Amino acid sequence: MQNLFINIREATQNDLPAIMEIEGLCFPSGAWREENIIYELRENPVAHFWVIELALEENATYQVVGFCDYWETFDSATICQIAVHPYLQRRQLGTAMMDEIYNDCYAKKVQTITLEVRVGNTSAINFYKKQGFEIETTKPHYYDNGEDAYYMILKVK
């Protein structure tokens with residue numbers, strides 16, 4: 001089996017094409033517009049926008065295969081989006097990003113990490129539960145199409 005080299009870093013404007021491609025593949029009916037992503041990358045003072053990239057060899061060019069965007073405000077953080085290219089899902093890349101988020105929050109003394117997830121997105125719900133999140137409540141008609149969302153929370157210890 002071939003080694004994979006993984007890097008998680010702050011996203012830049014140069015990552016926008018890859019981010020938009022993954023956005024469209026992972027969220028076909030609710031993808032963010034490019035201007036929303038640009039705002040998160042450039043202007044939002046509480047946003048932390050990271051990418052995860054892979055290379056097949058140590059000195060090879062890395063390719064962006066996923067991203068996460070979370071907001072940190074005082075002692076809490078909110079995950080706005082986390083996505084991995086569908087071809088590479090279920091290969092621990094999302095877990096690697098969640099670990100980075102958790103460690104960053106822990107270092108900054110953030111006490112809770114929250115998120116909303118569609119009640120019908122069982123694979124995402126199961127992923128978040130594996131990361132230690134618990135369903136706190138349901139937000140009725142949260143999404144544009146009227147679908148409810150679970151509000152999930154993880155205590156940072």
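I took two strands as paired if DSSP finds at least two bridges between them; helices (H or I, at least four residues) and strands (E, at least two) are DSSP runs, numbered from the N terminus.

**Basis.** I worked from a predicted model, in which local features need pLDDT of at least 70 and side-chain atom pairs count only at pLDDT 80 or more, while totals for chains, interfaces and linings use all residues. Residues are numbered from 1 along each chain as its sequence is written, and side-chain values use heavy atoms, with hydrogens and water left out.

**Entry 1: strands β2, β3 and β4.** I looked up the pairing of β2 (residues 47–55) with β3 and found eight bridges, the two strands running antiparallel. Within this pair, V51 has F67 of β3 as its bridge partner. Strands β3 and β4 are likewise antiparallel and joined by eight bridges; here C68 stands opposite I82 of β4. The hairpin of β3 and β4 has two residues between the strands, and F74 takes a positive phi near 55° in this hairpin.

I then checked burial (buried: under 20% relative accessible area; exposed: over 50%; partly exposed in between; 1.4 Å probe, protein chains only). Strand β3 (residues 63–73) is mostly covered, with eight of its eleven residues buried.

**Entry 2: helix α1.** In α1 (residues 16–26) I noted L16, I19, I22 and E23 as buried. Viewed down the axis of α1, these buried residues fall within an arc of 130°, so they line one face of the helix. The arc is that of the directions from the helix axis to the C-beta atoms. I looked for their contacts (heavy atoms within 4.5 Å): the cover over the buried residues of α1 includes α2 (34–42), β2, β3 and β4.

**Entry 3: helix α4.** For α4 (residues 122–130), I recorded A124, I125 and Y128 as the buried residues. They sit on the same side of α4 because they cover an arc of only 100° around the axis. T122 and K130, on the other side of α4, are exposed. I found the buried residues of α4 packed against β4 (76–84), β5 (112–118) and β7 (149–155). Just after α4, G132 takes a positive phi of about 105°.

**Entry 4: R91.** I located R91 in the loop between β4 and α3 (93–107). A polar atom of the R91 side chain lies 2.8 Å from the backbone oxygen of Y87. I also checked R91 against W50, 41 residues apart along the chain: their C-alpha atoms are separated by 18 Å.

Methods. Polar contact = N/O pair within 3.5 Å; in protein donor to acceptor, adjacent residues only side chain to side chain.
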